[in-house]
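Trainee: Please take a close look at one part of this model for me. I would like to go through its salt bridges.

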Amino acid sequence: MSDLGFILRKTRLEKKISLDDLQEVTKIRKRYLEAIEEGNYKVLPGSFYVRAFIKSYAEAVGLDPTEVLNMYQSTNPSPVTEKPVVENIRKNRTSVRNTEKLSRWASSVMFICFILLIFGIVYYYTYKNYKGTPADEKPAQTQSSKITNSTSPAAGTNSTNSTTASSDGKVAPLSTATPSPAPTPTPPAVQVKFSSSEKGVDNYIITGTANLNIQLKITGSCWIRVDSLTEGGKEMLRQKLYKAGDTDTFDIATSAYLNVGAASAVELSVNGTVVPVGDTPNPKRVQLNLQKN
């Protein structure tokens with residue numbers, strides 16, 4: 001067993017995480033996890049997957065993945081590029097080219113349909129204007145204008161009668177309008193906006209509230225760690241291996257940092273707003289920056 005494998009296995013056992021639980025969280029086969037602990041990297045499909053699996057293992061048990069990868073690099077400085085990886089890259093390039101050809105063809109068809117639609121609209125309105133207005137509609141229009149002119153004095157009479165003369169000859173209005181009350185200002189709504197993604201961490205800005213209300217709904221087995229961010233640094237609130245059907249809520253007055261082992265197994269809501277963490281079983285890190293007014 002290598003030193004790296006010994007550290008990973010010791011940390012896993014200290015946190016009472018079995019290989020079956022770790023397999024569910026990381027979506028890595030159990031025999032690959034055992035091979036990583038034993039230092040038998042030849043069992044894994046390639047050097048690229050070795051680094052990816054070690055990183056996922058470290059995050060799932062709460063270790064710093066950068067330090068763990070540096071330890072692996074120091075003991076295995078020359079990874080060998082294997083042929084299956086090259087073949088997969090070639091296949092991916094071929095599929096990308098086919099997709100580009102299909103998208104170009106679809107764009108051409110849509111452009112032609114758009115041109116035909118424009119010609120159809122122009123032809124319809126040109127034909128309608130050329131046909132003109134029927135002659136039997138003109139007398140009706142003239143008659144309606146006469147009716148309007150004949151009733152216009154009545155409107156003037158009604159406007160004149162809107163006031164009433166008092167006994168001393170002064171004119172007084174019939175009613176006095178009641179002033180409407182001033183509208184009550186409404187408090188600003190809570191806004192959760194995505195700001196940036198740096199070093200694998202998605203940053204969100206939360207405004208319009210003094211506290212963060214974080215709600216977790218677990219749909220599959222997943223390891224999660226939640227920290228509050230203060231001026232002194234991170235302060236761990238909870239570190240737990242959740243199961244499907246579990247829920248958890250955090251109500252804090254500071255910014256927060258979440259380290260999720262499997263993004264597809266978690267539904268995250270902040271002050272009633274859903275924050276997407278992804279639909280793949282990969283680890284995810286999210287920082288919620290609270291900006292008080």
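**The salt bridges**

Mentor: Start with a network: salt bridges link Arg9, Arg12 and Glu37. Keep in mind that this is a predicted model. Glu37 and Arg12 are both buried.

Now move to Lys30 and its partner. Asp20 forms a salt bridge with Lys30, with the closest N and O atoms 3.4 Å apart. This pair also links distant parts of the chain: Asp20 sits in helix H2 (residues 19-26) and Lys30 in helix H3, 10 residues apart. Asp20 has a relative accessible area of 45%, so it is partly exposed. Lys30 has 31%, so it too is partly exposed.

Next come Glu24 and Lys27. Their side chains meet in a salt bridge, at 3.4 Å from N to O. Glu24 counts as partly exposed because its relative accessibility is 37%. Lys27 is at 45% and therefore counts as partly exposed.

Asn40 is in the loop between helix H3 (30-38) and helix H4 (47-60). Its relative accessibility is 34%, so Asn40 counts as partly exposed. Along the chain, Asn40 and Ser2 are 38 residues apart, while 8.6 Å separates their C-alpha atoms.

Terms used:
Residues are numbered from 1 along each chain as its sequence is written. This is a predicted model: local features need pLDDT of at least 70, side-chain atom pairs count only at pLDDT 80 or more; totals for chains, interfaces and linings use all residues. Side-chain values use heavy atoms; hydrogens and water are left out. Helices (H or I, at least four residues) and strands (E, at least two) are DSSP runs, numbered from the N terminus. Buried means under 20% relative accessible area, exposed over 50%, partly exposed in between (1.4 Å probe, protein chains only). A salt bridge is a side-chain nitrogen of Lys or Arg within 4 Å of a carboxyl oxygen of Asp or Glu.
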